[in-house]
Amino acid sequence: MPVPKLTCSTTALTRLAVCVSGVYAAFLLWAIAQERLSAPFPSTSPHPHTSPVDHSSKGDKFPSSLFLNYAQAVASSSSALCYLLFNAWREGRLGEGLWKIVGLDQLFSLGTPKSQVKQNGTAINSNGKQISTVAQNGHTSLEKKQKAQTSWRKTLPALLLQVSLFQTLAGPIGFLALRHISYPTMVLGKSCKLIPVLLLNVLLYRRRFSPHKYVVVALVTVGISLFMLLAEGGKKKKGGNDSAWGLWLLGVNLFIDGLTNSTQDQLFSTYPQFSGQQMMFFMSFFTQLLLLPALVLPLPTHPLSLLSHLPFPLSPAQTTIPISFAKPELINCISFIITHPSSLSPLLAYALLGGLGQLFIFETIQHFGSLTLVMVTVTRKLFTMLLSVVVFEHQLTKGQWIGVGVVFGGIGVEAGMKRREMLRRAKKDK
């Protein structure tokens, strides 16, 4: 029956188009709010709490990136909860209770998949959707996967905690790397994010991809790299800004990004009954738990002050540094918002747009995988620049146009292989 397959494919294409549009729109506006937050804000207090800054004209910058990450995590968990409740209301599942709607029943079942398996090899997940399995000797492949799920590192709570920890570490390491390398180098490195995602999926989780996927990843990576590199080529920025330490931190950041996306793929593969929004809710919640101690506890003003009090072989400092503690980051940030009220609106926009964009991101990961998501995110800047060419009549170099052609060549290969797969499935059903 080819008609249902074509209808299913049309639905998948529509979902992909909505996800891509949502990611582009939300994070385009999110980037504007992020840029505004990185600029100084004027103070309404004659004696601001950050004294060593010229307050007369420039103002003060937001004091903590951790607080920004925490605010976005709160907005993301709230967005996911609202989506899950709305979806449950639409499907008439509100009577199941919040415990089951957000997936707490799955989280506290020691991570064991809890699909209801029928005798004909079909499983019904917690959202009422069918999961196809293959019956063998009276047992389904899903049942075998459940029995094989013995390692605590592969349980649902452990996988969720892993991706939350990876996501929490990636941001600060990226900011630290940017202090030792130029921004074009950071953008160029991020454009190669598809490679660690693909490699870690293969090396860590033994996932297999079609041969054309490797070609597509190579074409998109080379095309984006050309586009970004040659965009900065005509500016002739001074060299020598990229230290070995900064490049190493960039590599660590890309490795953590690959761990995050590949672990998310593994989570959805192992626990197909767990929805993208449920993962988003718990990841954001765990991120808040990880960041909260750093925000509410007074931390040493000098990180080496504690180590300097250790015995000689363990102490990296020659002299003992007095221990002093700064005010908690949370108090500093609240004080900053009170004395700099103009920072509140971009902070709310940054958090809410990030939460909205995360909904589209997790929908994309669940239905299309992390490779598709990363392809969408790394090409976002390219399509934004192309839009500016059309709207504002900006000029691109010949090298940039070559990069655009290579990227669209990779996208064309992916689209062609998808179409061939659809036609092959339609012929089988005739």
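Modeller: Happy to! One term before we start: a patch is made of residues with over 30% relative accessible area and no salt bridge, and nonpolar side chains are joined within 5 Å. Keep in mind that this is a predicted model.

Colleague: Okay, which residues make the nonpolar surface patch?

Modeller: Leu-85, Phe-86, Trp-89, Leu-94 and Leu-98 make it, and the patch covers about 520 Å².

Colleague: Which helix gives the most to that patch?

Modeller: That would be helix H2, residues 65-90, with 3 residues.

Colleague: And where is Leu-98 found?

Modeller: Leu-98 sits in helix H3, which runs over residues 98-101.

Colleague: Why does Leu-98 count as partly exposed?

Modeller: Because its relative accessibility is 48%, and partly exposed is the class between under 20% for buried and over 50% for exposed.

Colleague: Switching topic: is helix H15 largely enclosed or open?

Modeller: Largely enclosed by the rest of the structure, because 8 of the 9 residues in H15 (residues 370-378) are buried. Among them are Ser-370, Thr-372, Met-375 and Val-378.

Colleague: Now the whole chain. How many helices and strands are there?

Modeller: The protein chain has 17 helices and 5 strands. Of its 430 residues, 41% are buried.

Colleague: What about the accessible surface of the chain?

Modeller: It comes to about 23800 Å², and carbon and sulfur atoms account for 66% of that.

Colleague: Last one: what share of the contacts with a separation of 6 or more is between residues 24 or more positions apart?

Modeller: For the protein chain, that share is 76%.

Technical notes. Residues numbered from 1 in each chain as written. Predicted model: local features only at pLDDT ≥ 70, side-chain atom pairs only at ≥ 80, totals over all residues. Heavy atoms only, no water. Patch = residues over 30% accessible without salt bridge, like charges linked within 9 Å, V, L, I, M, F, W, Y side chains within 5 Å. Areas by Shrake-Rupley, 256 points an atom, 1.4 Å probe, with all protein chains shown as cover. Salt bridge = Lys/Arg side-chain N within 4 Å of Asp/Glu carboxyl O. Helix = DSSP H or I, 4+ residues; strand = E, 2+ residues; numbered from the N terminus. Buried < 20%, exposed > 50% of the residue type's maximum accessible area, 1.4 Å probe, protein only. Contact = heavy atoms within 4.5 Å.
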